[in-house]
Amino acid sequence: MRLTTDRLVVRHFTPEDAAAFAAWRSDPEVARYQSWDAPYPEAKAVEFVRELLASDPDAPGWYQYAVEADGLVVGDVGVCLHENGMQAEIGYSVARAHQRRGYATEAVHGVLGFLFEERGLHRVSAECDAHNTPSAKLLTRLGFRLEGRRPENTWTKGAWRDDLLFGLLARDWHT
Ligand SMILES: CC(C)(COP(=O)(O)OP(=O)(O)OC[C@H]1O[C@@H](n2cnc3c(N)ncnc32)[C@H](O)[C@@H]1OP(=O)(O)O)[C@@H](O)C(=O)NCCC(=O)NCCS
């Protein structure tokens, strides 16, 4: 997948992106509701990109795409294809210096278009921490429906957290 939107390119990571990837993952604000801990060592980012490049983006499981704006890598969108090939889960991050410019909305919108229109998926899901307001607002803005809340479903950073479950069906995307 390589997508071009008005301001962004959503593309495969390259080894040159590892330093920027480590930098935003090392920001405690970006890591706050995520599974990884900050700081995120650059060596780990190099290994992460190396493994990505050796994996099949179309196989079931998570695959992370880089989001580029003005020639800089500013964030990522992750897609987890289901074993059945008909649905996926998504995740996303944008470096703090590049947030609140509509980049996540634009990148995820582009990826959803690809998943529904090119890949023909039936459904895309997303989960976020119940306190992660920017993420919940982003999903709502893109047409996701809030489908539920799982109390104390995720143990992360020393606490049990509630998760919000969101879903978007192809027929709702098209309308
Ligand atoms: C969630 C996240 C990806 C959103 O990224 P983002 O690029 O800031 O998102 P957007 O810019 O598209 O939208 C954010 C806000 O900026 C606003 N915005 C959009 N364009 C804007 C502009 N040009 N100027 C000012 N604000 C703007 C949007 O309306 C939105 O406002 P709202 O939250 O009040 O509705 C980002 O906060 C992040 O990386 N968080 C940490 C990682 C994370 O938790 N990921 C989600 C895991 S489930």
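Start by selecting Phe13, Phe21, Trp24, Tyr40 and Phe48, which ring pairs link into a cluster. The model is a predicted one. With ring centres within 6.5 Å taken as a pair, the count comes to seven aromatic pairs. For each pair you inspect, two numbers are enough: a pair of aromatic rings is described by the distance of the centres and the angle of the planes.

Arg25 lies over the face of Trp36, 3.9 Å from the ring centre. Keep Arg25 selected and bring back Phe48 from the cluster: the charged end of Arg25 also sits over the ring of Phe48, at 5.2 Å from its centre.

The crossing of helix 1 past helix 3 is right-handed.

From helix 1, select Ala18, Ala19, Phe21, Ala22 and Arg25; they meet Glu42, Ala45, Val46, Phe48 and Val49 of helix 3. By class, the contact has eight nonpolar residues, two charged ones and no polar ones.

Two backbone stops remain. Go to the loop between helix 2 (28-31) and helix 3, where Pro39 is found. The peptide bond from Ala38 to Pro39 is cis, with omega near 0°. Finally, select strand 7 (residues 145-156) and pick out Glu152. Glu152 is not a glycine, yet has a positive phi of about 45°.

Conventions. Residues are numbered from 1 along each chain as its sequence is written. This is a predicted model: local features need pLDDT of at least 70, side-chain atom pairs count only at pLDDT 80 or more; totals for chains, interfaces and linings use all residues. Side-chain values use heavy atoms; hydrogens and water are left out. A crossing is left-handed if the near helix is turned anticlockwise from the far one by less than a right angle, and right-handed if clockwise. Helices (H or I, at least four residues) and strands (E, at least two) are DSSP runs, numbered from the N terminus. Contact means heavy atoms within 4.5 Å. Ala, Val, Leu, Ile, Met, Phe, Trp, Tyr, Cys and Pro count as nonpolar, Asp, Glu, Lys and Arg as charged, and the others, Gly among them, as polar. Rings of Phe, Tyr and Trp (its six-membered ring) pair if their centres lie within 6.5 Å; planes under 30 degrees apart count as stacked, over 60 as edge-to-face and the rest as tilted. A charge sits over a ring if NZ of Lys or CZ of Arg is within 6 Å of the ring centre and within 35 degrees of the ring normal.
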